[in-house]
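Me: Please go through this protein model with me, one feature at a time. I will ask about its elements, core, surface and side-chain pairs.

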Amino acid sequence: MLINTENKLILIGLIELLQLYERKISIISVSVCIIASSGISILVPLIGMKITGGQLSAPNCNTVAVLSAAVFGLVFTVRCRDFIETNYYSYIKSVFPFTRLKTAFNHSLKLKLSYFNNTKFAEIMNNINKDISDKTVIIEKVFSRYVKPC
């Protein structure tokens with residue numbers, strides 16, 4: 001392995017120290033990603049204007065090729081970010097109801113049998129499912145304010 005044990009212990013200690021600042025680090029990393037995304041969104045039209053705006057002469061094909069490759073790289077980066085964002089948005093959207101329903105089901109299995117004399121199990125699970133779906137709608141509304149699904 002490339003990392004020896006001493007460096008591994010130092011790395012683990014550093015990660016443990018950074019866990020205290022996990023929230024600040026996540027806010028900073030999200031801010032950097034937003035700024036980088038904004039910069040890319042600004043650069044793509046500017047490079048396109050430079051290519052098609054007549055500022056480059058026809059014999060200067062190398063510059064046109066480099067700028068075209070730069071635009072391709074920027075657009076590819078934005079599309080990859082959008083794909084990852086959509087993937088995580090879908091994952092978070094599906095994980096919350098599943099984990100809540102699983103927890104509720106496990107708790108309902110611990111109820112006393114006398115409770116089921118008056119109430120059917122299917123009715124209990126239906127009520128729990130309705131409550132979870134209501135909470136999921138609220139969470140999606142709050143989450144969609146901060147993360148725009150593509």
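Reply: Helices (H or I, at least four residues) and strands (E, at least two) are DSSP runs, numbered from the N terminus. This is a predicted model, in which local features need pLDDT of at least 70, side-chain atom pairs count only at pLDDT 80 or more, and totals for chains, interfaces and linings use all residues. Residues are numbered from 1 along each chain as its sequence is written, and side-chain values use heavy atoms, with hydrogens and water left out.

Me: In which helix is serine 41 found?
Reply: The protein has five helices and zero strands, and its pattern along the sequence reads α-α-α-α-α. Serine 41 belongs to helix α2.

Me: Is serine 41 buried, partly exposed or exposed?
Reply: Buried means under 20% relative accessible area, exposed means over 50%, and partly exposed lies in between (1.4 Å probe, protein chains only). Serine 41 has a relative accessible area of 45%. The class of serine 41 is therefore partly exposed.

Me: How far apart are the C-alpha atoms of serine 41 and leucine 74?
Reply: Along the chain, serine 41 and leucine 74 are 33 residues apart. The separation of their C-alpha atoms is 8.3 Å.

Me: What percentage of the residues in the protein is buried?
Reply: The protein has 150 residues. The buried share of them is 12%.

Me: Which residues make up the largest nonpolar core?
Reply: A nonpolar core is a set of buried Ala, Val, Leu, Ile, Met, Phe, Trp, Tyr and Cys residues joined through side-chain atoms within 4.5 Å. The largest such core has six residues: Ile40, Ile47, Leu67, Val71, Leu74 and Val78.

Me: Which helix gives the largest share of this core?
Reply: The core of Ile40, Ile47, Leu67, Val71, Leu74 and Val78 draws at least two residues from each of α2 (22–52) and α3. The largest share, four residues, is supplied by α3.

Me: Which residues does isoleucine 40 touch, not counting residues up to four places away in sequence?
Reply: Isoleucine 40 has its place in helix α2 and is buried, with a relative accessible area of 16%. Its C-alpha atom is separated by 7.6 Å from that of valine 78, 38 residues apart along the chain. Contact means heavy atoms within 4.5 Å. With residues up to four places away in sequence not counted, isoleucine 40 touches Leu74, Thr77 and Val78.

Me: How is phenylalanine 72 paired with phenylalanine 76: stacked, tilted or edge-to-face?
Reply: Rings of Phe, Tyr and Trp (its six-membered ring) pair if their centres lie within 6.5 Å; planes under 30 degrees apart count as stacked, over 60 as edge-to-face and the rest as tilted. By this rule there is one aromatic pair. Phenylalanine 72 and phenylalanine 76 are 6.1 Å apart centre to centre, with 20° between the planes, and the pair is stacked.

Me: By about how many helical turns are phenylalanine 72 and phenylalanine 76 separated?
Reply: Both residues lie in helix α3 (residues 61–108). Because they are four residues apart in that helix, the separation is about one helical turn.

Me: Is phenylalanine 72 buried or exposed?
Reply: The relative accessible area of phenylalanine 72 is 58%. Phenylalanine 72 is therefore exposed.

Me: Which side chain meets aspartate 134 in a salt bridge?
Reply: A salt bridge is a side-chain nitrogen of Lys or Arg within 4 Å of a carboxyl oxygen of Asp or Glu, and the count by this rule is one. At 3.2 Å, N to O, the partner is lysine 130.
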